[in-house]
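Me: I am new to this structure and would like to learn how to read a few of its features. Could you begin with the terms and then turn to the residues?

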Amino acid sequence: MKFKALTAIAALLAAPMAIAGGADDDTLIINDEIEMITKTAAPAHLDGALDELISGWHFRTDNTQEMEMDDFDNPGMLFVEQAMDTWETAEGSEGKSCADCHGDVEESMKGVKAVYPKWNDGAEEVRTLQMQMNDCRVSRMGAEAWKYDAGKAIAMEALISVQSRGMPVNVAIDGPAQAMWEQGKEMYYTRTGQLELSCANCHEDNYGNYIRADHLSQGQINGFPAYRLKNAKLNGVHSRFKGCVRDTRAETYKPGSADFVALELYVTSRGNGLSVEGPSVRN
């Protein structure tokens, strides 16, 4: 029975998907003052894979879209408020807070989210924002590292993201970061799992269509961290990757793993030019 069920699912995915009409033409303005770039020309490094970049916001229902347009209605902002308290709280053996080193979050973190993941010369590695946050906690505060994509880590990433809302994503993919970018690109196009699906099969070949009840987007991650109505919490991009890989019936990677760091770098670069939206609201 299990084999027959998987065969049926594979047949469904192989068949033409229902056409949903693609993205809408609405305009995303947050709090009536921050206008987002939600559609723009694709960057040259996509090699014609996409002509236009479209934020996932355009593929959601009107009600979900409206929640993101006002911070009072956006449930993700509750986590941002929690992170503000964490920003000011001294921790660890050094008795320091984030504010002790960085000062006002609105000033010091402006533009930061837009350029992560990025190469770190000292560590000689590509770092995500959460990796950098944990390095600060351990090496500067003498505090324990946060669990990846969970609790205070994802809330702090949302707080830092808010400071860059409206700014275009602009991650660097050349120089020492190129090798990891190439690794992420290979992962994006590699079919995996019992269903033999790649990221591109859904988010490049079939965006705008329905797969079962899901209206497929381009899989842009400029809106992460994202509050998902499905699980009623703030979600990190590695957790979303994990869910997608699991849905192909493949053995997945852990949030914070080198594989997901590479994939995050590549997928983020696919959205270079779209505005930072996080925390967004998604299904």
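Reply: Buried means under 20% relative accessible area, exposed means over 50%, and partly exposed lies in between, with a 1.4 Å probe and protein chains only. By this scale C244, with a relative accessible area of 33%, is partly exposed. The model is predicted, so that local features need pLDDT of at least 70 and side-chain atom pairs count only at pLDDT 80 or more, while totals for chains, interfaces and linings use all residues. Residues are numbered from 1 along each chain as its sequence is written, and side-chain values use heavy atoms, with hydrogens and water left out.

Me: How many disulfides does a search of the whole structure find?

Reply: A disulfide is a covalent bond between the sulfur atoms of two cysteines, taken here as a pair of cysteine sulfur atoms within 2.5 Å. The search of the whole structure finds zero. For C101, the nearest cysteine sulfur belongs to C136 and is 7.3 Å away, and for C244 the nearest, that of C199, is 7.0 Å away.

Me: Which side chain meets that of R282 in a salt bridge?

Reply: A salt bridge is a side-chain nitrogen of Lys or Arg within 4 Å of a carboxyl oxygen of Asp or Glu. R282 meets E68 in this way, at 2.9 Å from N to O, and both residues are buried. E68, E277 and R282 are linked in a network of salt bridges.
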